[in-house]
Amino acid sequence: MSVTTALPPLVEFRNLYAEMVTFDGVVKVLNGINLTIQKGDLIGLVGETGCGKSVTAMSIPQLVPQPPARYTQGEVWFRGENMLEKSGEALRQIRAKHIGVVFQDPMTGLNPVFTIEQQMVDSILCREDALGSTGFPQGLLPVNRRKRQAASDRAISLLKRVGVPEAEKRIHAYPHEFSGGMRQRVLIAMAIAGRPDLLIADEPTTALDVSVQAQILRLIAELVREIDLTVLLITHNIGLVAQLCNRIAVMYAGNVIEVGPARSILTAPKHPYTRGLLQAIPTAETARGTLKGVPGMVPGLIHPPSGCRFHTRCAFAQPRCKISQPPLLTTGDGHQTACVLYDSVGVPDEKHGQLV
Amino acid sequence: MILELRNVSKVFHSGDRIVRAVDNVSLSLTAGSTFGLIGESGSGKSTLARLIPRLIEPTAGDIIFKDKTLTTLPQRQMRHIREQIQIVFQNPFSSLNPRMTVRQLIGEPLVIHKRASGAALEERVRDMMALVGLNTEHANRFPHEFSGGQRQRIAIARALILEPGLVILDEPTSALDVSVQAQVLNLLLDLQNRFGLTYLLITHDLSVVEYMADQAALMYLGAIVEQGTISQIMRQPKHPYTRALLSDVPSTNPDQRMLEHISLEADIVSAPWSKVGCRFSPRCSAAQVSACKTIEPLLEVVGDGQRIACHLVNVPVND
Amino acid sequence: MSLNPLSEIPSTSSAPPLLVTNSEPQNRLTRWLKDHASQLSDIRRGLFRFSRNRLSMIGVVIVLLGLLIAITAPLWVPYPDDVTGSVNMSIRLHPPSADHLFGTDDAGRDVFSRTIMATRISFEVGVIILLVAITVGVFLGAIAGYFGGWINQVIMRFTDIMLTFPGIFLALAISAALGRGVLNATLALSVTWWPGYCRLVEAQMLKMKEEDFVAGARALGAGNLRIIFRHILPNLLTAIIVKASMDFGFAVLNLAALGFIGVGVLPPEPDWGSMIAAGRRFIPISWWYSTFPGLFMFITVLGFNLLGDGLRDLLDPNATVR
């Protein structure tokens, strides 16, 4: 899939900078994010703890509380509108109708004192009529019987679609009667209830068993095909993105340092960090004791390293790496890398040897 | 054999419900090796980890450590045994007392067992910190000032300062990022070589087990369903659960598309075991025979030391 | 749906700064400061946050002022004899004036001096009550929470019984039995105060003993007592401190109540409660007699409440950003 298409992208980050004000100092959490997501993409945003992937993704529905965060530069474009300028009712409409979010922990994502039916009906009515600004769960109000019934029916069919057995009966249960995997399915159902354009899934399977994780992945893949969903998957699990995504973006310390087609990133990674990351994953072929990784530790972002934020841990660092953060450059078909090693029009620097 | 478990069981009573968290488990560990215990949530692996040093009392069975039967020892003598069996827990964020400094945490085993004090203790603590890769200048800091990987190093330092024979690692790297995990795993291997440690590695991560372990066993709902060398389990898995689990692990190789084939459906809550027949049958996608629903399969040898608990022993391997 | 989009905010102290020193620090002080640098910074941060809260700062000021007065009172009280009971009928019930800031009472004693000294007594008694209550309550609560079973039942049911006695009645009973006076009042109040701490510690203990780090300590071979006192209790310290700071105000209030009904500090010793009671008869006209002690009491209790609130906001682990 080529990046340059005639259609405007669904999501576009243009040089986004963001900071967080804390007592200890200002954390420079986003350092110039550039990323495009096309309609129909299933893109995995990969990176380790603290790299800013959640903040990046949550900038689209503007779910990052501002203070303590603030965006100092750049824009986030969604469906042709700059989300940073949206607020109030307009923002709520966008969130209700065009974006669905699934969070990490299915154990706390559902309100324990309401039944599934009440919560799903509330969610559906919110999205369809953009109601619910009273904050009171619609499922409890004796509001418009017909609407409520229609929403309830839709909820049941959604539950069936996401694979909850005996949906008609189970919908009246409370969250604690469901297992983690089932709860996550319910949350996914609620997220896609309004047929959103974009589904953001933030570590949706981290808290789940491997077998349940596989089921959820399969579900997401099917939904993408069926309802023409675009998915932004945030995770630190590279196996997941390998199996699910058609594109991968790798983040490190507030920057997207490599992005491209999944196969290309996994089989021919270019950025030294991406390589280090992939080498750190033990596979069947890794002989005991030979697992390499990335030496050192993730830097603090109050006083981040100058220039390329990875240079302090990079085996290929050069003096000019300290000066400025390299921009994303095209290094292949739809593949971009932010590293000086590739800056002569995407050709690797021969002097520094082994990188091809 | 440094550790042997014989028919160990643990039954929990909650109200009138009985939960067999560990059901008749037997295994043995060779000194200096790493044994991987693989299981998902509800498999009983963590309970088993706590049974061995008798943090929880087993309901039945024997635990034999270095030829001493632990299950019959009085609690007083167990304290002495605890110097030799240590545990590193999963969650580096909650397994260290937030109010104790690193020095106090690492030095505490020495204090409890009266092995050192004063300057000698200080020195041992510093040596340990250096060994696991921690900056000794940070000895006065509190756990919350460290990253997850560093906290696990503190936990490892604390576990090893008494030079135990057996270290139980309960999901030691599950909460860590991949590159940090690599560092911690390499540290563990290094320490094992240096001190001749025996590891019981408990995890759900098959790739970690493959990297670290020599032998492994898979647990499902409290019982062992397959056991053998790492190579046997990974390359010639025979039990349907093992095969399904292996196929469910997302591979970083994009050519191995796993989403296509059917593997494990439902989960242990929505497809519960009725206590009759094979505990895996509600989720088993292999062609089952009538015995599967009525008789519980026993762990039997099927090859070169490989054991599985399944009536369909001759299931053909097709990868 | 509950939202937690910030699962990834970088912890500001996730990567401790590398302290690279090649030379030995010059003296022990600098080394101590360096070793404890991050703890000091935590304290600084805490103080900063605390100072942001106007009301808590007012509370702190009041409490500190009260403490100062309590400690130094004997040195500067204008009419020390009036405190111990000299009688001067010629100047009885004089309104506030330059000589007598708060006026005089029905025995011609300076109300100001007596009010100030009553502060001292209130603080003394408050401290003793809390010390006893905390010692007994924490110990019993820790044992009950940790061991559970019949130990827990015995201790907690006993605590329940104690909680049903209002402090006033118990004080009355004790004074009836042992006689009136500040000592017995203190005893009575201590006895009714410890159940609160017992309950608090028991509840926290039940929660904490399931934590991973406790299992870790047990796995190391630590014995029960060590686990309770060395591992778990330090974690409960903040909850206890918060409760104690709130309770101080109420302890003082209770003492005053006892004094009011005549079972507490014995005249002629000054006590807010008894002064208020005595001054009731003269209220519409000689208003100063009851009003000033009442005001002092009100401000003191308020101060402790504000302090307690502020401390809770500060120390409550739920509120702390880590």
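View 1. A crossing of two helices is called left-handed if the near helix is turned anticlockwise from the far one by less than a right angle, and right-handed if it is turned clockwise. The model shown here is predicted, so local features need pLDDT of at least 70 and side-chain atom pairs count only at pLDDT 80 or more, whereas totals for chains, interfaces and linings use all residues. Residues are numbered from 1 along each chain as its sequence is written, while chains are lettered from A and ligands numbered from 1 in the order in which they are written. Helices (H or I, at least four residues) and strands (E, at least two) are DSSP runs numbered from the N terminus. In chain C, the axes of helix H3 (residues 54-76) and helix H12 (residues 288-315) come within 7 Å and cross at roughly 130 degrees, where axes are lines fitted to C-alpha atoms, for helices over the stretch in contact, and angles run from 0 to 180 degrees between N-to-C directions. That angle makes H3(C) oblique to H12(C), since angles under 35 degrees count as roughly parallel, over 145 as roughly antiparallel, 65 to 115 as roughly perpendicular and the rest as oblique. The crossing of H3(C) and H12(C) is left-handed.

**View 2. Residues where H3(C) meets H12(C).** Two residues are in contact if their C-beta atoms, placed from the backbone, lie within 7 Å. On the side of H3(C) the contact includes C:Leu55, C:Ile58, C:Val63 and C:Gly66, and on the side of H12(C) it includes C:Ile299, C:Phe304, C:Leu307 and C:Asp309. The residues of this contact divide into ten nonpolar, six polar and one charged, with Ala, Val, Leu, Ile, Met, Phe, Trp, Tyr, Cys and Pro counted as nonpolar, Asp, Glu, Lys and Arg as charged, and the others, Gly among them, as polar.

**View 3. The eight-stranded sheet of chain B.** This open sheet with mixed pairing runs in the order E6-E7-E8-E3-E9-E10-E12-E11, and two strands pair if DSSP finds at least two bridges between them. Strands E6 (85-88) and E11 (300-301) of chain B stand at the edges with a single partner strand each, so one side of each is left without a neighbour in the sheet. E11(B) pairs with strand E12 (residues 307-308) of chain B in the antiparallel sense over two bridges, and B:Glu300 has B:Ile308 of E12(B) as its bridge partner.

**View 4. Strand E1 of chain B and its partners.** Strand E1 (residues 3-14) of chain B pairs in the antiparallel sense with strand E2 (residues 17-29) over nine bridges, and B:Leu5 stands opposite B:Leu27 in E2(B). The hairpin of E1(B) and E2(B) has two residues between the strands, and in it B:Gly15 takes a positive phi near 70 degrees. E1(B) also pairs in the antiparallel sense with strand E4 (residues 60-65) of chain B, over five bridges, and B:Glu4 stands opposite B:Ile64 in E4(B).

**View 5. Where chain B touches chain C.** Here 27 residues of chain B are in contact with 23 residues of chain C. On the side of chain B, E6 and helix H3 (102-112) each supply at least two residues, and the largest share, three residues, comes from H3(B). By class, this side of chain B has nine nonpolar, ten polar and eight charged residues.
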